[in-house]
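Biologist: Could you walk me through this structure, a piece at a time?

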Amino acid sequence: MKIIRFMKNWTLPIAMLMGIVLYFVYVNIPFLEPTKPYVEHAVAIVQPVLIFLMLFLTFCKVNVSELRPCRWHLWLLLIQGGAFLLLALLIWLFPDIPAHVLVEGGMLCLICPTATAAAVVTRKLNGDAAHLTSYTILINLLVAFLVPLVVPSIHPHPGLGFGASFALILGKVFPLLLGPFIAAILLRYLSPGLHKRLGDISGLSFYLWAVALTLAIAVTVKSIVHSEVSWEYQFGLAVVSLVCCALQFWLGRKI
C-alpha cells in the first residue's frame, strides 16, 4: 500500500522519468531497430486517442447544468488568450526578431489548455471540479478558435495559403478538443446508464493522463536528441517554459 500511495503522490515526476528512461532503453536495443517506424505510427495514433478519452471521461463526470461560467474564468481566458495574441502581434510586427523561436515557445505555453487530469486532481483535493471542468471546456473552445486563426499568420506553412492552413489546423484541433464534449453530451441523452457508469469510474482519466504524459516525454526526448536547434535555444525554450508556467500559476493563485 505504501508503494501504491507513493506512486499516486508522485505520478507526475515518475511518468516524466519513465518517458526519458523508456526512450533511451528502446533506442539502444539493436534488435528493436526494425520496429521503430511501426512504434512511431502507433504513438501518433495512441496519443490523440488517450487525450480524447481523458476529456471524454472528465466531461462524463459533470452534470451539464453544473457547468456555469464564473468571474475567474473570464480573467484566466483574458490572460491566456491575451498573452498569446500579444506575442503573436510581436512576431507579426517584427518577423526577423532574433528570439523568434523563443517567442513562439512562449505563445504555445501560454495558450496551452488546462490539463485534462486537472478536474480529477481537483476532485481528489475536495475542490470544485465542476467549475474547473467548465474552464477546461472554455479554454479548449478558445484554443480551437485562436490557434487556427493566428498560427498561419505568423508561421505560414510552405505551399499553403492562410485558408488552407486554417482548415488544416482546425481539422486537427477541433475534433480532438470539442469531440469529447459533444460525445459526452450525446451519450448522456442516448444512454444515461452507460454515461453514469463511465462517470462513476474513479481516477481512470488520471492514470490515462500518466500514460499520455510518459509517451509525450518520450516523444519530446526524441525531438531534443534529433533536433537541429542549438543547445542555447533549447535551454532558452526551457527557461521560457518555466517562466510562463510560474507566471500563470502565480496569477491563477492571485485570482
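Modeller: What follows is a talk about a predicted model, taken up one topic after another.

Biologist: Let's start with a helix. How many residues does α3 have, and how far does the helix reach?

Modeller: Helix α3 covers residues 36–60, which makes 25 residues, and from its first C-alpha to its last it reaches 36 Å, close to the 36 Å expected at 1.5 Å a residue.

Biologist: And which residues are buried in α3?

Modeller: The buried residues of α3 are V43, L50, M54, L55, F56, L57, T58, F59 and C60.

Biologist: Ok, on to the core. Which residues touch the most other members of the largest nonpolar core?

Modeller: That core has 41 residues, and those that touch the most other members are F84, M107 and V143. Two or more residues are given to this core by each of α2 (11–27), α3, α4 (71–93), α5 (100–111), α7 (129–154), α8 (162–190) and α10 (204–225). The largest share comes from α7, with nine residues.

Biologist: What does F84 touch?

Modeller: If we do not count residues up to four places away in sequence, F84 touches M107, I111, L146, V147, V150 and V151.

Biologist: Switching topic: how many cavities of 30 Å³ or more are there?

Modeller: The count comes to one cavity of 30 Å³ or more, and the volume of the largest cavity is about 60 Å³.

Biologist: What lines the largest cavity?

Modeller: Its lining is made up of F59, V62, V64, L67, F181, A184, I185, R188 and H195. Sorted by class, seven of the lining residues are nonpolar, one is polar and one is charged. Helix α8 gives the largest share of this lining, namely four residues.

Biologist: Now some single residues. Is S134 buried or exposed, and why?

Modeller: S134 lies in helix α7, and S134 counts as buried because its relative accessibility is 4%, while buried means under 20%. Leaving aside neighbours within four places in sequence, S134 is in contact with E66, L67, R68 and H73. One of these, L67, also lines the largest cavity.

Biologist: How far apart are the C-alpha atoms of H131 and W231?

Modeller: They are separated by 40 Å, and the two residues are 100 residues apart along the chain.

Biologist: What about D128, where is that one?

Modeller: D128 has its place in the loop between α6 (118–124) and α7, where D128 is partly exposed with a relative accessible area of 42%. Between the C-alpha atoms of D128 and M107, which are 21 residues apart along the chain, the separation is 28 Å.

Biologist: Last one: which residues is T11 in contact with?

Modeller: T11 is found in helix α2 and is buried, with a relative accessible area of 8%. Apart from neighbours within four places in sequence, T11 is in contact with F206, W209 and A210.

Technical notes
Residues are numbered from 1 along each chain as its sequence is written. This is a predicted model: local features need pLDDT of at least 70, side-chain atom pairs count only at pLDDT 80 or more; totals for chains, interfaces and linings use all residues. Side-chain values use heavy atoms; hydrogens and water are left out. The expected span of a helix is 1.5 Å times one less than its number of residues. Buried means under 20% relative accessible area, exposed over 50%, partly exposed in between (1.4 Å probe, protein chains only). A nonpolar core is a set of buried Ala, Val, Leu, Ile, Met, Phe, Trp, Tyr and Cys residues joined through side-chain atoms within 4.5 Å. Contact means heavy atoms within 4.5 Å. On a 1 Å grid over the protein atoms alone, a cavity is a set of points where a 1.4 Å probe fits but cannot get out, and a pocket is an open set with protein on both sides within 12 Å along at least five of seven lines; lining residues have an atom within 4 Å of a point. Grid points are joined across faces, edges and corners, and a volume is the space filled by probe spheres set on the points. Ala, Val, Leu, Ile, Met, Phe, Trp, Tyr, Cys and Pro count as nonpolar, Asp, Glu, Lys and Arg as charged, and the others, Gly among them, as polar.
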